Amino acid sequence: MAKEEIKFCIGGAGRTPGMTVAGSAALVERLGFDGLVFGGGIIGYGGDDPFILMAQAAAVTERLLLSTSVYLLPFNHPLVLAKQLATLDHLSKGRVIFGIGVGERAKLHDIFGFPMSERGA
């Protein structure tokens, strides 16, 4: 039977009061955590693009895993998203974990022009 590992990550990355994302990432790595988790929603988390924040964290760390919590797939073009992820994964030397979801807020589905009933279809 394969040995299971438990990883400990910090959520809300980039929201440490008085610190930059780079400073937070470097601190989290020094403290021995395994990774950082970035919000992937259209709204919330200050509206920051998680891939930009992850790139900044990747530039100042060597081993931290970099993950989106729940990135909302329906609101992004799949080709652009694939290119962004491939580039980020390359720059981070394979440390990207991509958490995905289909969204839960009907208003966002309305804004983007497709019914919530078709999410995940």
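I started with Leu66, which touches Leu36, Phe38, Met54, Ala57, Ala58, Ser92, Arg95, Val96 and Ile97, leaving out residues up to four places away in sequence; contact here is heavy atoms within 4.5 Å.

A note on what I'm looking at: this is a predicted model, where local features need pLDDT of at least 70, side-chain atom pairs count only at pLDDT 80 or more, and totals for chains, interfaces and linings use all residues. Residues are numbered from 1 along each chain as its sequence is written, and side-chain values use heavy atoms, with hydrogens and water left out.

Helices (H or I, at least four residues) and strands (E, at least two) are DSSP runs, numbered from the N terminus.

Then the sheet: I find an open one of 4 strands, ordered S1-S2-S3-S5 and paired in parallel. S1 (9-10) and S5 (96-97) are the edge strands with a single partner each, so one side of each has no neighbour in the sheet. Pairing takes at least two DSSP bridges, and S3 (residues 65-68) has 2 to S5. Ser67 sits opposite Ile97 in S5.

Last, I checked Ser24 in helix H1. Ser24 is buried, at 4% relative accessible area (buried is under 20%, exposed over 50%, partly exposed in between; 1.4 Å probe, protein chains only). Beyond its neighbours within four places in sequence, Ser24 contacts Thr16 and Met19.
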